[in-house]
Amino acid sequence: MWLLALGVVAAVTAGAMLILHQYAEMVATIGGFFVALAALSLTAFELFGRTDAPPSPADLADDFALRLREQWLDEAEARGLRGPEVLALSWTTTEQNNSDTLPARGTRRPRVIRMRLNGRPEGRFEDATTQLAEGYARVPNRRLVVVGEPGSGKTVLALLLTVGLLNERADGGPVPVLLPVSSWDPAKEDLEPWLIRTTAEPYYNGRQDILRRLLREGLLVPVLDGLDEMPDSARRMAMDRLSRIRAERPVVVTCRAAEYEELIRDGAPTLKDATVVRVLPVAPDDVITYLRDVNWPAGTDWSEVFTHLRAAPESPLSVALSTPLMVSSARLVYQRGGGNPTDLMDPRLNSRYAVENHLMKAMVAAAYAPDASLPEADRPPERWTAEQADRWLAFLARYLHERDERDLAWWHLSGRYLTRWTGPVTGLVLGAVLALAVVLWETLTMKGDDRASPSDTFLVAVIIGVCFALVCSIAWFASTEAPPGRLTWSVRASAGRLTQGFRTGTGVAALLVTPVLGIVLTGIMIDGESSRGLEGLETFAEAGGIAVAAVMTVGLAFAVHKWLDAPPLNAAEVSPALLLAQDRRSSIVSAGVAGALVAVIGAPAMALGLFAGGLVVRVMTNWAGWPAHADIGMLFHEAWSDSGESEDSWRVVGLAVLLPAVFFALLLLMSRAWPRFQMVRVRLAIRGELPWRLMAFLADARRREILRQAGGVYQFRHIRLQQTLAGAQADSGGQRRESSDVRRRIVLGVAVGALAAGFAGSAWRYRDTSRSQFTDRHKRTVKAVRFLPGGGEVAFLLDGGVVGVWSGAEGDRKWTALRKAASRTTASPHSPS
């Protein structure tokens, strides 16, 4: 195909040389340039379009497993699961194992095939994870449901199981993927597409083909945590989706026991051939053993509480401390904040809920209290007070609860807390800055120049500022809640990315340029004088050429921008802070490179647009107007001069190079996640709802065991803590926007077709049928005409008093300027000789 393109260019060049033989040298130069460009494009396509042999699924799985293992080992360390003071968990299988269909309310329970999977991890962290992995290996079909009370350790068990499977997997074996299922909306998305999309965004920068390939090969084991945290209707639909997956596909699901049993009683479909494991309450002896080994501050005595736990195992306090969540919460509250644990035996705490609520409310104050185990002189200064942390964490908890969410993703904050006016206001502010820069640049570069006009400069600056504000607003609304990107330097499969970026850029630019072009052409038509005759037709064509050049320039800039956002082949390290740093680097570099490209090719593209517009008019009108004959070189030189490249170099550098680059780079930045996060962070900090250093605060809250990290997002350590801080839970709903892509394309197509038809009709009207024509290079108005006898020569009086003689005879079309007429000379241009 590329050889064919080279042949076509060479053939066109040879034909043009034969037809325009008097300009054969110029035609050969231009044709040679395009031949060289086509050959260079062929070489670049072969380089950038080359795709290396894809790695095998086993290699991809090994790479993904290595990254996940590093992530979850780090999270286990952050949650204190790798230390010597780990609370032991116990579990047992239930009678619902391996039941394809479970009884609805009022029906008889079917016969059940039981399998014992009782267990209790003993010893070090590595031993516990290995034991879990070995137990899971004995489960038929590797399909497991883990149920238990709130805070019983289901999530911890899922994490330990994930780490154990990653440690014990053989090369090329399946990879366990632990995901919080609360973000899944089964009404909109099936399990497999959600699994692929949710995993691809943080680990592969949105590239889904690798995960789709792993899933197709059976190399992914979904570990879905928190089925109970979904709304009731979504939970039932999720079980229906899960029941439809193939029986040979392994899966692990965690859910509260009450919610799971409610699903069963209501007749919801169950996970086919799944073993159900119940996490058991923590025994009082295990609680005492765990708490006794903690290094408590002076004055913190648990002996009375231990006696109570042994003597009254059914008391509210004993029942509350039967879950790992409450035991670890009690450790955090009294280890950091000190105090007397006998407060938990207060008669006013007469229910399990009262005890749990007391601990939850004290967690933030204790986490941000000075470390009571250290001498006061050795305590490091605290960056944030407990009151500040409580206020900010309560705000985040309400934010999540209002939207029925668990995942705190920093890139979603801008779409939730920046008003709809943020984009237009930002565009106006930046547009005003650009307008001021234009005025200052014009003032400096045109100082002392008689052509300088302050009013014209101010008008141009205002137009530029308003245009930026409008385009910035459109770009803002078109890219709401953009996910974080990653700067990736990769030659592999560049052709596809460049093509996709070019298509996107030209499409966006066409939507923006078309209405602007319509407004400009309408203004030209309203001004009757400038829209009449051949001059008006040429103005229309040149405006269209500039519009096409602008669209192509934006398309090329988008292509480069997309090329710098290459999907990685290997899984990336994931954390909220790392995603923010990657998006910041990607935003700045890609916007800067795209802006630089606009600076380099912008002005030449505009000159080519002017040239193409003028050339189209002359070809359609049989070369009517100046120059009088087919002189492509002179026409291009005129277009290059009109574009401003021939004089006022510093002024041109500012307006034709720097201004478009900054304009485009700012537009790209406004569409990225990092600049929007900075804006919402500043807004919320000014209002006192979040700290100025939000990411540092969230990382510190994780260190203090208030938050936990799940991939690229934060979560509260438990839904109960989130509910306690939020105070109330509100349902939120959203409305889908109906897609109108087809309608926009139809309207755009009709508009372009109408413009093209009108232009073609006007061009035919002004088609030149004369034998020869007079044109003035400077396009001065003809004031008077005198025909000499015999019709051989014509005298013209031009604007400015210039008089000359023109010979229109075939082969002797010469214009000779004779003299400058007196100012009193007047004559009718239509009077006879």
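The structure is a predicted model, in which local features need pLDDT of at least 70 and side-chain atom pairs count only at pLDDT 80 or more, while totals for chains, interfaces and linings use all residues. Residues are numbered from 1 along each chain as its sequence is written, and side-chain values use heavy atoms, leaving out hydrogens and water.

**Exercise 1. Describe how helix α4 packs with helix α5.**

Step 1: Recall that two packed helices are described by the angle between their axes and the distance between the axes.

Step 2: Find the helices, which are DSSP runs of H or I with at least four residues, numbered, like strands (E, at least two), from the N terminus. Helix α4 covers residues 125-137 and helix α5 covers residues 154-168.

Step 3: Read off the geometry. The axes come within 7 Å and cross at roughly 85 degrees. Axes are lines fitted to C-alpha atoms, for helices over the stretch in contact, and angles run from 0 to 180 degrees between N-to-C directions.

Step 4: Classify the angle. α4 and α5 are therefore roughly perpendicular to each other (65 to 115 degrees; under 35 is roughly parallel, over 145 roughly antiparallel, the rest oblique).

Step 5: List contacts (heavy atoms within 4.5 Å). Among the residues involved are F125 and Y136 of α4, and L157 and E168 of α5.

Step 6: Sort the contact by class: nine nonpolar, four polar and one charged residues. Here Ala, Val, Leu, Ile, Met, Phe, Trp, Tyr, Cys and Pro count as nonpolar, Asp, Glu, Lys and Arg as charged, and the others, Gly among them, as polar.

**Exercise 2. Is S182 buried or exposed, and which residues does S182 touch?**

Step 1: Locate S182 in the loop between β3 and α6 (191-203).

Step 2: The relative accessible area of S182 is 12%, so S182 is buried (under 20%; exposed is over 50%, partly exposed in between, with a 1.4 Å probe and protein chains only).

Step 3: Leaving out residues up to four places away in sequence, S182 touches D225, G226, E229, M230 and R406.
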